[in-house]
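Me: Could you take me through one part of this structure up close? I'm just starting out, so please keep it friendly and go step by step.

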Amino acid sequence: MTTAFYSDERCFWHGGGNYAFTLPAGGLVQPSPGGLPENPETKRRLRNLIEVTGLTRHLSMRGAEPASREDLLRVHPDSYLSAFKAASDAGGGELGLRSPFGAGGYEIAALSAGLASAALRAVLTGEARNAYALSRPPGHHATSDWPNGFCLLNNIAVAIRAAQGQGLVRRVAVIDWDVHHGNGTEAIFWDDPEVLTISLHQERNYPLDTGGVEATGSPAAPLSNLNLPLPPGCGHAAYLYAMERVVLPALDRFRPEAIVVACGFDAAAVDPLGRMLCSAETFRMLTRMAMQAADRLCDGRLVLVHEGGYSEVYVPFCGHAVLEELSAAPVTAADPLAATLARRQPDARFDAFARAWIDEAASALGL
């Protein structure tokens with residue numbers, strides 16, 4: 001049994017929109033050749049790094065078909081999909097907030113969702129021990145009918161609904177450690193007691209008005225959604241404590257049949273869209289803890305789906321560390337920022353403050 005890695009060069013061709021960082025260009029905002037922070041280089045350079053180090057020889061490298069219209073309709077209404085397809089065929093555009101796309105954007109987004117779906121299916125059918133989907137565009141901000149935050153289709157929701165529709169799984173837990181709140185995934189599964197969504201995120205980063213600890217699911221699905229908004233400045237120790245104090249007990253309470261991780265790397269210390277202090281080692285340890293939970297609760301069924309992370313230099317090292325852990329491969333890529341980031345970690349006083357913050361949230365969530 002191996003670790004399956006799903007990717008497709010066409011996903012790196014997604015793009016569109018005249019932006020400078022997260023601002024529409026125009027007026028006093030000068031156009032930028034870099035465009036949005038969500039660009040292909042972070043993901044392409046991760047794919048390149050695992051090839052250069054030889055890690056690819058220890059993974060099952062795979063592609064996938066685009067998600068079918070039928071599977072997309074399990075999550076997104078026909079009216080939205082039709083508008084998206086029409087705009088895509090006409091050369092591209094923008095239907096929501098900060099989620100532009102060019103010609104063929106619909107097909108690329110469907111392919112991104114297809115990679116996530118194939119990864120989950122491979123794990124549920126026993127074709128792979130665990131899996132990683134290098135999906136792009138990302139998905140966790142996309143609600144059923146409104147794309148935002150660089151996300152056009154909700155890749156993880158499409159994957160889960162497809163697997164449920166095929167009778168492969170019933171109860172699924174989603175852990176979202178992207179630095180931004182997974183508002184789209186939360187909204188899609190808000191009324192569903194069979195899907196537990198857990199989001200660890202920087203408080204009031206994006207979106208500004210979602211992600212509070214009080215949002216715990218609808219009356220039809222109490223405690224099916226857990227949010228842990230963290231204060232800016234949290235680093236390695238706080239993130240591991242958040243997993244230990246909130247995520248793992250929540251998984252034990254829910255007893256999932258599979259675990260899916262919305263794997264963003266934008267909580268890294270050098271990310272331009274986050275104010276956290278995590279390192280590649282943080283993501284390695286978060287992955288280890290998720291694997292141990294999956295081994296304990298659901299026969300190791302674990303899938304990671306790539307979300308955010310906007311440092312094109314550092315994301316590849318974070319992703320490599322995660323894939324080393326998933327595959328137990330004897331291949332490493334030394335973190336070039338490890339020593340610097342270790343010295344930049346919060347001091348004991350801040351960590352004590354963060355632990356108290358997390359304890360308070362855990363108590364509010366009944367954990």
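Reply: Let's start with a side-chain pair: histidine 236 and threonine 282 make a polar contact through their side chains, at 2.9 Å. Keep in mind that this is a predicted model. Histidine 236 belongs to helix 7, which covers residues 236-254. Is histidine 236 buried or exposed, or something in between? With a relative accessibility of 22%, histidine 236 counts as partly exposed, because the cut-off for buried is under 20%.

Now look at who else sits around histidine 236. Skipping residues up to four places away in sequence, histidine 236 touches Leu277, Ser279, Glu281, Thr282, Met285 and Gln345.

Two packed helices are described by the angle between their axes and the distance between the axes. On the helix 8 side, the contact is made by Ala280, Phe283, Arg284, Thr287, Arg288 and Met291. Helix 9 brings Phe317, Cys318, Ala321, Val322, Glu324, Glu325 and Leu326. Sort these contact residues by class and you get eight nonpolar, one polar and four charged.

Stay with helix 9 for a moment, as serine 327 is part of it. Serine 327 counts as buried, because its relative accessibility is 12%. A polar atom of the serine 327 side chain lies 2.7 Å from the backbone oxygen of leucine 323. Which residues does serine 327 contact once its neighbours within four places in sequence are left aside? The list is Thr3, Leu55, His58, Leu59 and Arg129.

Step on to alanine 328 and you are in the loop between helix 9 and helix 10 (338-343). Alanine 328 is exposed, with a relative accessible area of 64%. Its backbone is worth a look too: phi is positive, about 55°, although this residue is not a glycine. Why point that out? Most residues other than glycine have a negative phi, and most peptide bonds are trans.

What about the loop between helix 8 and strand 12 (302-306)? Aspartate 299 lies there, and its phi is also positive, near 55°, in a residue other than glycine. Aspartate 299 is exposed as well, with a relative accessible area of 66%.

While we're on backbones, there are cis peptide bonds to find too. One joins arginine 136 and proline 137, with omega about 5°, and proline 137 sits in the loop between strand 7 (130-133) and helix 5. Another cis bond runs from tyrosine 206 to proline 207, with omega near -15°. Proline 207 lies in the loop between strand 9 (195-202) and strand 10 (225-230).

How values were computed: Residues are numbered from 1 along each chain as its sequence is written. This is a predicted model: local features need pLDDT of at least 70, side-chain atom pairs count only at pLDDT 80 or more; totals for chains, interfaces and linings use all residues. Side-chain values use heavy atoms; hydrogens and water are left out. Contact means heavy atoms within 4.5 Å. Helices (H or I, at least four residues) and strands (E, at least two) are DSSP runs, numbered from the N terminus. Ala, Val, Leu, Ile, Met, Phe, Trp, Tyr, Cys and Pro count as nonpolar, Asp, Glu, Lys and Arg as charged, and the others, Gly among them, as polar. Buried means under 20% relative accessible area, exposed over 50%, partly exposed in between (1.4 Å probe, protein chains only). A polar contact is a pair of N or O atoms within 3.5 Å; within protein, one must be able to donate a hydrogen and the other to accept it, and residues adjacent in sequence count only if both atoms are side-chain atoms.
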